[in-house]
Amino acid sequence: MQERESYQVRTRKRKPVKPPPSLKHSCETITGMLRERARELPDHLAVVSGDTRWTYAELYDRASHIASGLLRLGLDPGDRVIVQLPNIAEFFSVVFGCIHAGLVPVFTLPAHRTTEIRHFVQQAEASAYVIPG
């Protein structure tokens, strides 16, 4: 006879929250979600990082600008982009910008060094590398 594992599961029921109108469809994309928030809630805060505060409209504008810039650099939809950023507001504009341009962000930790990054670049066949500065 096998022994049963013993563990506890603790849950806390919350009141159901009515989703915003744009979340009624389960097939929503990430860029579609941001575009809808920028249209429906342009002045609501989307990102808070230290003293930096961006609304949905500002985040969408930044992401669109980055997407255009990445494509102007010669990247093509489907290309992979290594993103090595710390917990800063720009992380969100870069990631949303990559996705908006059809690029695939490959996330790395700020602590990764040259050896690890070289491995990520080779394994992911990355075409670009985004770092602070």
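Strands 1 and 2 form a hairpin in which two residues lie between the strands, and G50 in the turn adopts a positive phi of about 65°. Helices (H or I, at least four residues) and strands (E, at least two) are taken here as DSSP runs, numbered from the N terminus. The structure is a predicted model, in which local features need pLDDT of at least 70, side-chain atom pairs count only at pLDDT 80 or more, and totals for chains, interfaces and linings use all residues. Residues are numbered from 1 along each chain as its sequence is written, and side-chain values use heavy atoms, with hydrogens and water left out.

The chain as a whole contains four helices and five strands. Their order from the N terminus is α-β-β-α-β-α-β-α-β. Of the 133 residues, 30% count as buried, where buried denotes under 20% relative accessible area, exposed over 50%, and partly exposed the range in between (1.4 Å probe, protein chains only). The chain exposes about 10100 Å², of which carbon and sulfur atoms supply 52%; accessible areas come from the Shrake-Rupley method with a 1.4 Å probe, and for residues only the protein chains shown count as cover. Contacts (heavy atoms within 4.5 Å) were also examined by sequence separation. Among those between residues at least 6 apart in sequence, 62% join residues at least 24 apart.

D79 is located in the loop between helix 2 (56–72) and strand 3 (80–83). D79 is buried yet has no salt bridge, and the nearest side chain of opposite charge, that of R80, is 6.4 Å away. For this assignment Lys and Arg count as positive and Asp and Glu as negative, while His and the chain ends are not counted. A salt bridge is defined as a side-chain nitrogen of Lys or Arg within 4 Å of a carboxyl oxygen of Asp or Glu. The D79 side chain instead reaches the backbone nitrogen of D76 at 2.8 Å. This is a polar contact, that is, a pair of N or O atoms within 3.5 Å; within protein, one atom must be able to donate a hydrogen and the other to accept it, and residues adjacent in sequence count only if both atoms are side-chain atoms. When residues up to four places away in sequence are not counted, D79 touches L103, V104 and S127.

L85 occupies the loop between strand 3 and helix 3 (89–100). Because its relative accessibility is 8%, L85 counts as buried. With residues up to four places away in sequence again not counted, L85 touches E90, F91, V94, P110, V130, I131 and P132. One of these, I131, is 46 residues from L85 in sequence, with a C-alpha to C-alpha separation of 5.6 Å. T108, in the loop between strand 4 (104–107) and helix 4 (114–124), has a relative accessibility of 7% and therefore counts as buried. Beyond its neighbours within four places in sequence, T108 is in contact with I82, V83, Q84, I117 and F120.

E125 is found in the loop between helix 4 and strand 5 (126–130). The phi of E125 is near 55°, a positive value in a residue other than glycine. Most residues other than glycine have a negative phi. E125 is exposed, with a relative accessible area of 60%.

Two salt bridges are counted by the stated rule. In one, R39 is joined to E36, with the closest N and O atoms 2.2 Å apart. R39 and E36 are three residues apart in helix 1 (residues 30–40) and so are separated by about one helical turn. In the other, the side chains of R39 and E40 meet at 3.8 Å, N to O. R39 is exposed at a relative accessible area of 56%, whereas E40 is partly exposed at 29%.

In helix 2, H65 counts as exposed because its relative accessibility is 57%. H65 and S93 are 28 residues apart in sequence, and their C-alpha atoms are 9.0 Å apart in space.

Conventions: Two strands pair if DSSP finds at least two bridges between them.
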